[in-house]
Amino acid sequence: MFGIVVMRMTTLSTDEIRIFVLGELLVRKMQKRPTLKDVAAYSQVSIISASRALRGLENVSPELRAKVEAAADALGYSRNPIAGSLRGQSSDLVVVLVPAMTNNVFPAVVDGIYAGLSQTGLGVVLGLTGYGIESEERVLRNMLAWSPAGLVLSGSEHTDDTEAMLAEFDGPIVEVMDIDGETERSQVGLSHLEAGRMMADHFLKCGYRRIGYIGAWGEQPLRSRKRRISFEEELRRNGVELVGRFIHPDPSSVSVGAESFDRLIEEHSDLEAIFFANDDLALGAMSNALDRGLSIPDDMAFAGFNGLDVCDVVRPHLTTIVTPRFEVGCLAGKIIADTFRTGENKGPQQRRELALELRQGGTTRLRNA
């Protein structure tokens, strides 16, 4: 390639050569900088293994380390000075990435994180991802410029580039709200697989057999999809097939719940019970059902997820699975606080699963009781 460039340049004037060289430099500058993901692919190892090798960590074989270092040299890779900042160079901020703050789910988590970090001098800075792993990647990349002391993320599923940035980060990382995914980072949360099984068992014990499901966000939060699939599988294991489901593409809300209820019963008017991905969806559907003259739970039963305070205000009280959101945040904050106090970069990996509670309200009951 270089020889071809020289041959082209010999036919140009001095000014043309100058313009050509500046253009070549600009193109090279605009080319994508090699990433840890590229090094891992080039050396045919995982991103985590590549990161460990380049950071000189123990438990990496000399052969693997040599292969990764050779790949890094061949690609011209150098570690990101922001993402790989040392603890002594970091700020006093903990970056917390959450999908949204429009309901009472994640505000409680953030309050818990703040409580867990108390007396450490660490502050919290929020980034909103909108339930998309691609937007999470963009937000994380921008917020790493703050050189945070720690990271808290929602869920364990991320893009490859996000995984590469996390592998480079030299501080404590905690993933919250979901403990069903595979990760090498600390996790604090609940099992959405267990939540799905729990609600399926409740419906079956009540005697419901014609069962539906309603979700939202196009199931972008992968943990809600896990919950729904587990719910369906537990029904099927007991000889009951889900009659119908409707997943609305818009964010979860009361109005989306009412609209989704209309859409589902258009095709399945004889449903006996519906499980909703979130409480607000269930509350919207309940209002719609009452407007239609349906009796709850005699004509149709409803159950939600999260255990929002409003569930105890409506009549009848909504059956729901209560999630310990504040406690999740508090434990995540304490993990980062404990690591910060020891002066270590990462700290030991922890997996903390918190218990779920199925709180039965008046929207479900034993049939014919």
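Predicted model: local features only at pLDDT ≥ 70, side-chain atom pairs only at ≥ 80, totals over all residues.

Residues are numbered from 1 along each chain as its sequence is written, and side-chain values use heavy atoms, with hydrogens and water left out.

**Salt bridges**

- A salt bridge is counted when a side-chain nitrogen of Lys or Arg lies within 4 Å of a carboxyl oxygen of Asp or Glu, and by this rule there are 20 salt bridges.
- One of them joins the side chains of K226 and E157, with an N to O distance of 3.0 Å; because K226 lies in helix α10 (residues 222–237) and E157 in the loop between β3 (150–154) and α8 (160–168), the pair ties together parts that are 69 residues apart in sequence.
- Helices (H or I, at least four residues) and strands (E, at least two) are DSSP runs, numbered from the N terminus.
- Within this pair, K226 is buried at a relative accessible area of 16%, whereas E157 is partly exposed at 26%.
- A salt bridge of 2.9 Å, N to O, also connects the side chains of R245 and E232, and this pair links distant parts of the chain, with R245 in strand β7 (residues 244–247) and E232 in helix α10, 13 residues apart.
- R245 is partly exposed, its relative accessible area being 44%, while E232 is buried at 9%.
- Salt bridges that share partners join E219, R228, E232 and R245 into one network.

**The sheet and its helix**

- Two strands are taken to pair if DSSP finds at least two bridges between them, and 6 strands form an open sheet of mixed pairing in the order β7-β6-β8-β9-β10-β12.
- The edge strands are β7 and β12 (357–359), each of which pairs on one side only, and the twist averages 15° from one strand to the next.
- Strands β8 (residues 273–276) and β9 (residues 301–306) pair in the parallel sense over 3 bridges, and the bridge partner of I274 in β9 is F302.
- Helix α10 packs on the sheet, touching β6 (211–215), β7, β8 and β9, and its direction makes about 175° with that of β6.
- Contact here means heavy atoms within 4.5 Å, and axes are lines fitted to C-alpha atoms, for helices over the stretch in contact, with angles running from 0 to 180 degrees between N-to-C directions.

Terms used: Buried < 20%, exposed > 50% of the residue type's maximum accessible area, 1.4 Å probe, protein only.
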